[in-house]
Amino acid sequence: MNLSIRKVQSGAVLFNVLLFSFSLTLVFTLVANLLPQVEGEAPVEVEIDLSAMTMDGFVSLGESIFSGKGTCTLCHNNMGRAPDILQLNMVATSTERMADERYKGAAASVEDYMRESMLDPSLYVVKGFGQKGSNDTVSPMPTANKAPILLTDVEMDAVIAFMQAKDGNDVTVALPEGLPEKSAEEQAGASAVAAVQGPAETAEEALGKFTCTACHAVAGSESMVGPELNAVGNRLDKDKIRESILNPEAVIAEGFDAGMMPADFAKKMTISELDMVTEYLLNQKGGQ
Amino acid sequence: MNSDILNKNKIRVILSLLFALMLAGMISVSVSNEVYAASEITSIEDRIRSVDTGGLSADQFKVEPKSVGFPPFAAPKLKAKDYSKIMGVSSRSIVWVVAQMHLFFAAFVLAVPLFVLVIEWIGAKSGDERYDDMAHECMKISMTAFSITAIFGGLLAFALFILYPQFMGYMMNVFNTQVLVYALLFFAESFFLYLYYYSWYAYRWGNKKWVHLTLGLMLNVVGTTILLLANAWVTFMMAPTGVDDAGAVTGGIWEIMRGPLWNPINLHRFIANIAFGGAVIGAYAAYKFLSATDLKARAHYDWMGYTANFIAILAFLPLPFAGYWLMAEIYAYSQQMGITAMGGILAWLFIVQAVLIGTILLAGNYYLWSGMSRTKGSERYTWMIKYIAMVLVTCFLIWVTPHTLILSASEMKLLGGSHHHLLGPLGIMPAKNIAVNLMLIFTFLSFQLYRRSDKEITVGWAGFGNALMVSIYVVAIVNVIFAGVYYGYFTNTVYKVGSSVAQVVSTLVVIIAGVVIDTYMFKGAKKLPSEWGKVSNRAQYALFALPVAFTWLMALMGYVRSSVRTNWHVYTVMKDNSPDNYIPAIGFAGNMMTIVTVLFLIFVLFIFWVASLSDTKQPKPDFLTGDK
Amino acid sequence: MNMKNPLINWVLAIVIVVAVFYGLNHGVMSMQGLPLNVDLTPVQ
């Protein structure tokens, strides 16, 4: 065969092969890019000023841990892998479980039972939820105060408070006193609780100092206790934002309860901090 | 006569020496480990615990701060500022690309000697020289790949040490001597590789051929050992064993290596490598087929392509089972990790995986069907092809159906949730298990039909044999569907999960029974003529689709493996506080995968070109030969 | 096997295969700690 024709032919083959291969690769890339883009977030350290904590705030903290750092909702949902805590009346359920003949634990109260379930899940495994082949004697649940979850005692108390309060039952957990016990990671990376320092230098610092992220979805937090603030700049103007901070009871957002947000920011915040936070929130227009 | 006996004895001596070498190697590895362990303390209670617990209380670890000769080394606790960057580029992205390239090539160079050995053995047994020539050609293609693997390996090591020095320091401390063994094994690998390749025609016949096969075997033994050693690092990062809560070593090297995920990954990677290697060789054959200028070359490369596809699909069929075992072990180790992988943030990824595997199966099947045109005997079976295709496409669509729909808030209100009423149930595992198992069964059917196409069966019990085979298919298919529908939708979670094993076993029964029954049915069968080379050019593109999909799929699975560790370098032991400590979104990951796939394709083309180049002889120009 | 009456081939084949798969289901499920009743329903 003529050499030049052969060259053209082999050139054509190479071209076709490359075109086909790259096109197919692009199809796969397209598929990946058309799907919902969800980025996993590493837990963000949040400073909580526990000396100013109310019981309602503590319960809200527990709720945010339940769906956040505690990663409880990964299994405790309606998919059948673990008891659906959010649907069950946990106080009634705990009482039932403690009365079960299979229960061999040492808990004397609902609060104890809940704490025991977090620290030693295999002590009592609810029927049907044990690891396959263990005949409901080994639980697949990780220990809450060990890695990878690493909840502190205070955080576990908050979760217990949430589980008790969510169905309208009494909360028996005591509020933590004084400075909080921090988990190892927070100890390693924590700065001092900002309550007694000078005014915050930046908006983010102020948000941390006044524990806004404990209840509001803003600056990396996903808490749903209060209205989300990631796009608040679209909803409220400057005056309304200031009013919401200084006089939270004036307007309650739809779907949320009164009496949850601290009402004493007017006394605690400096004017510069208020201005910074307001400015910051005005610029939160969502769409990141 | 005397020289025969002399030769036989020489062979025996050589073979014995080789086996002794292998044995010595294995013994020295385990002995060195024993020595390492013995140099520590005598009892568990005296073992090193971490002294610096970073603020955690002593009760939690029962710390006994005794210094016992081997420095205690808890996993470092790093902060964001402890991580370095090169030129502002994300460190994770750099390591991602380099590591993935290394893994692609490592998979290739481990796989090729495996099936080359088998092909060479078939050639030695059957006396058909075509097999030996093809085995040699495959080795030739892969020679360049070995050095590229090493280059990327070295680059990876440098990248890891520069970008994650504390992590590497910790890992080196944990694995210690084992890493040295890994490095030294490359001497053995190179030794056997060069001997195996360069002695091909020197040790071609008779007893020397058996020596050559032994060299190939040794090459594979060393290669597999290297794979197993490296797998231990990655599975340790996911499910650490032999260390305490703070990361200090408490067990011997075997305890550290033999975590719950080690053997599942070993099996999965071993089989997947073979499938991957077959696919890449198939691409080479397809390329040479399309550029062939004479019928003889066309026939040769057609046959090579068929064999490579055969290897790729055959190795591919058991892969879902190995993958299932891996996921089951992940779930058993940590339900959190399991759910993150399949029910949580990474769930959509498995839809992408469905697309890729669908591509692989459809391409493989299409190639088989196209190949049926090589022989007239296939006309008996061609009517089945459209039904097989229909089943494959339907199953693929079911597999690709997601559970949760991509909806906006208002659409969700209209629908009354995030699941479709009718199609929602198709999005959960039972439906997908049915789909996958059926796809595998029907792919095997294509396989079996192709193998029967060029034969006329002559055994007396053919009637019963065929009845048995058909029954196995029918009952297996019914069983797969029954197990999936009944246990999947009408019983509790534990039975639902357990039923997938029953489905998998049903599929395996079909495959194993098919192979065994056909082996016996083909005895003395009349072979119909088949024309190698008589296949469409179009079919060759299926052989390109295969490695492209395989490569992208490998990268995708690597993304899962890495991501299930979430924000941990070593899960539960060493936290990841780098700027990249989040699971990247799938679009970003997809772009990375495309980059590495394209890079790999380019490198592979280079390898093919070099292989072709070594065969090319430039004709001496006239002005040098003729009279001036 | 039986060339005179292909029906026997088929009946025999189906019976054997169904028995094998039935046993397989029981075996595989009970090996995992998930026993089945005779009609393949889960033991409650």
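Colleague: Hi! Leaving aside its neighbours within four places in sequence, what is A:Pro199 in contact with?

Modeller: Hello! In this predicted model, A:Pro199 is in contact with A:Thr270, A:Ser272 and A:Glu273, once neighbours within four places in sequence are set aside.

Colleague: Thanks. Where is A:Pro199 found in chain A?

Modeller: A:Pro199 sits in the loop between α6 and α7 of chain A, where α7 covers 203-209.

Colleague: And why does A:Pro199 count as partly exposed?

Modeller: There are 13 other C-beta atoms within 10 Å of A:Pro199.

Colleague: How far apart are A:Pro199 and A:Leu229 in space?

Modeller: They are 22 Å apart, C-alpha to C-alpha, and 30 residues apart in sequence.

Colleague: Let's move on to the interface. How many residues of chain A are in contact with chain B?

Modeller: On the chain A side there are 43 residues, in contact with 53 residues of chain B. Two helices of chain A, α1 (3-34) and α6 (184-189), each supply at least two residues of the side that touches chain B.

Colleague: Which gives the most to that side of chain A?

Modeller: That would be α1(A), with 15 residues.

Colleague: How do the residues of that side divide into nonpolar, polar and charged?

Modeller: The side of chain A that touches chain B has 22 nonpolar, 14 polar and seven charged residues.

Colleague: Now chain B itself. How many helices and strands are there?

Modeller: Chain B has 21 helices and four strands. Its length is 628 residues, and 43% of them count as buried. Of the contacts in chain B with a separation of 6 or more, 80% join residues 24 or more positions apart.

Colleague: Good to know. What about α17 of chain B and α1 of chain C: at roughly what angle do they cross?

Modeller: Helix α17 (residues 462-490) of chain B and helix α1 (residues 6-31) of chain C cross at roughly 40 degrees, and their axes come within 8 Å. That angle makes α17(B) oblique to α1(C).

Colleague: Is the crossing left-handed or right-handed?

Modeller: The crossing of α17(B) and α1(C) is right-handed.

Colleague: Which residues make the contact?

Modeller: On α17(B) they include B:Phe464, B:Leu468, B:Ile472 and B:Val475. From α1(C), C:Trp10, C:Ile14, C:Val17 and C:Phe21 are among them.

Colleague: And by class, how many are nonpolar, polar or charged?

Modeller: The contact of α17(B) with α1(C) has 13 nonpolar and four polar residues, with no charged ones.

Conventions. Residues numbered from 1 in each chain as written. Chains lettered and ligands numbered in written order. Predicted model: local features only at pLDDT ≥ 70, side-chain atom pairs only at ≥ 80, totals over all residues. Contact = placed C-beta atoms within 7 Å. Nonpolar A, V, L, I, M, F, W, Y, C, P; charged D, E, K, R; others polar. Buried ≥ 20, exposed ≤ 12 C-beta atoms within 10 Å, placed from the backbone. Axes fitted to C-alpha atoms, helices over the stretch in contact; angles between N-to-C directions. Parallel < 35°, antiparallel > 145°, perpendicular 65-115°, else oblique. Left-handed = near helix turned anticlockwise from the far one by under 90°.
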